[in-house]
Amino acid sequence: MTTAHIETHGELNSEICNIDISVGGMTCASCVGRVEKALSKVPGVIRASVNLATESARIQLRGDAAMEALLRRAVRDAGYEPRTAVQADEALNASTWDGFSAVAWGLLLSTPLVLPMLGDLWGQHWMLPAWLQFALATPVQFVLGARFYKAGWHALKALSGNMDLLVALGTSAGWLLSVWLWLSAAQGSMPHLYFEGSAVVVTLVLLGKWLEARAKHQTTSAIRALHALRPETAHWMGPQGLVDVPLVEVLVDDRLVVLPGERFPVDGVVLEGETQVDESMLTGESQPVSKALGQALTGASINGEGRVTMRVTAVGQETVLAHIIRLVEDAQAAKAPIQRLVDQVSAVFVPVVIGVSLFTLGAWLWQGALLETAVIHAVAVLVIACPCALGLATPAAIMAGTGVAAKNGILIKDAQALELAHRVDTVAFDKTGTLTVGRPRVTELWVACEADQAHWLAVAAGMQSGSEHPLARAVLFMAQDQQVTALPCTQVRSVAGRGVDAQIQTQSESQSNIHHYLMGSLTWMQSEGLDLSPWQAQIDRMHAKGATVSALTERGVQGLANVLVLHALFAFGDEPKPGAAQALAALRQRGLRLVMISGDNRAAANAMAQRLGLRPEAGEVRAEVLPADKSALINQLKEGGHIVAMVGDGVNDAPALAAAHVGMAMGNGTDVAMHAAGITLMRGEVGLVADALDISARTVAKIRQNLFWAFAYNVAGIPLAALGFLNPVLAGGAMAMSSVSVMTNALLLKRWTPRRDKT
């Protein structure tokens, strides 16, 4: 994880910064609350969110990046360690055996203390002398357990509590009780001491934290795997020939050579050669993709059998891989809304537990129990109540869920989207590029006089030459295919959701004429005054085939102002995406309501809907929807009480993606759409929508399971300890295993595979 990732956004002549800081030393949900509270007190901080599983803090503040030093100081003053970039990387890539030495020493020193207890079961009396018990237990208590005293002291100074404070108080009470019983015992007698309880509790807690760290290491495997995909060097084609250079020295527009079997070091396009590329690390799709001259290459994908020369188009943080890493990191660092309940509970949890422990002590003394018995029961309450599992329940599941989703081509950048997706009951789809291939072609060109067909195609190509719209590209492709040269246009103006108008100057023998043309939807032409009734038969015939129809008209011909004259009709046809109909059927089987949103006329939209298996008669098609009205339609669906997911791919889908409860952007779409959506489907397959909903449902189920067991553990454990049914050793073991069980349950999500892979 990067220690500080900074994003700035201009707002009212000020800057809002997002700063990520890696934080060491947190052990439970109470620690999270303390760090958040300390960061929130720094002037200018708008919001601070701390994640226990990723050991990171995300701070949104008004100011500049220089405030990072103040934030780090606030973390340190709260008793935790603000890590540097190097320390954060070391923590991310640490060996799973790091930290086990303390556990090993604890086991070595505690085992002799426990053996007499085991001997008693077989009638053997191996009780060690008091001085030897003291010598074995004291290093465990104050050397290996020093971390608990340090962190607990910081919590106490801040007038709050955490797991470390509970462990320090509980084990210290047991150790002090043993010392008092030893020193106050009659000469020659052998009192029952509790050194083994304190030593074993410290050792078990250390063991639990180490096992927990191992499990955390597995949840961050997705991030480590993505980082590991980047090669260290690139074959740079310089003035002196081919040279191996470090990746950090590669610049945009450099020429690189990639040999068969190597990973592409950065993003680029093919300059020479042809090959097959394995892009499974990006899309989850195992089938290789053919790449030829001019086609895009993505850094970290694997070259096939061809030697390729590429031109670099993006390096560093601008590459697709870097963008994916940021999305996964952001998702894993985010805090789901359900976590707020945990934060509220943990804020008062430790003080309440200390109060319960004191009440337990007093109640047992009031019942006439010996002091040592009362203290042991009070210590058991302190030890068993550590809220580690509560703090890990939600982030551990989110990390595992987003990690396995990323490996299967589903990038989840918003924890709220992850939590909401399983509740979706309505899925709205943009048509072009989402449900269809998005590469429409001109299926028919009708002109009043067939001899003028090439001329009007040249006019249309000239008007569309600067546009990236799929229909514009279809016109240009037809002109290129028929070897028609586009006429140069001036004052080209795009009318959002309607079409384009432009001027073309023609020269005759006597004068120069300027013609004003419009090309776009029939609805636009009618609003501009064109009467389509003379051509309705041709239009109906095109619509019946499922075509989208655009008209080419001229304004003000023969001196008649504000009059349009129709010159040509273009019929555009698109194809459904492979597997789209089956994916929609699968969503319907899940009980979801489906809606297709299209800017096409109703006849064309209905024809495509029927090919996709949608039912226009059931209200599953919304046609003639302008781009600006898509978000209003989403809001209308939401107002009906539905939880709505919007799936789109274009710039004009961005407002609707942002308006939906869950926005899903196709990975083959625009950057704007992907930024607006909470979930990106890297392969652009409709089938990934069901997979995204499925991993959301499974992740939320794990969160709920973890929270249930964490709460149930404390609800059941504290009364059992207070009533004397659990001694400190058993309580310490149960506390340690509760955290491990939560992490292990979350890690089961790593076994998830998309539904299509299970058939």
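This is a predicted model: local features need pLDDT of at least 70, side-chain atom pairs count only at pLDDT 80 or more; totals for chains, interfaces and linings use all residues.

The buried residues of α21 are covered by several elements, including β16 (426-430), α16 (431-435), β23 (593-597), α22 (602-612) and α26 (687-722). Which residues of α21 are buried? Within this helix, residues 580-589, they are Ala580, Ala583, Leu584 and Leu587. Viewed down the axis of α21, these buried residues fall within an arc of 100 degrees, so they line one face of the helix. On the face of α21 turned away from the buried side, Gln582 and Gln589 are exposed. After α21 comes glycine 591, with a positive phi near 85 degrees.

I turn next to a pair of helices. The axes of α5 (residues 130-144) and α6 (residues 146-157) come within 4 Å and cross at roughly 40 degrees; the two helices are therefore oblique to each other. From α5, the contact involves Gln141, Phe142, Val143 and Leu144, and from α6, Ala146, Arg147 and Tyr149. Of these contact residues, five are nonpolar, one is polar and one is charged.

Finally, the sheet. Three strands form an open sheet in the order β11-β10-β13, with antiparallel pairing. Strands β11 (289-291) and β13 (302-303) stand at the edges with a single partner strand each, so one side of each has no neighbour in the sheet. Three bridges join β10 (residues 275-278) to β11 in the antiparallel sense, and valine 277 stands opposite valine 289 in β11.

Definitions and conventions
Residues are numbered from 1 along each chain as its sequence is written. Side-chain values use heavy atoms; hydrogens and water are left out. Two strands pair if DSSP finds at least two bridges between them. Buried means under 20% relative accessible area, exposed over 50%, partly exposed in between (1.4 Å probe, protein chains only). The arc is that of the directions from the helix axis to the C-beta atoms. Contact means heavy atoms within 4.5 Å. Axes are lines fitted to C-alpha atoms, for helices over the stretch in contact, and angles run from 0 to 180 degrees between N-to-C directions. Angles under 35 degrees count as roughly parallel, over 145 as roughly antiparallel, 65 to 115 as roughly perpendicular and the rest as oblique. Ala, Val, Leu, Ile, Met, Phe, Trp, Tyr, Cys and Pro count as nonpolar, Asp, Glu, Lys and Arg as charged, and the others, Gly among them, as polar.
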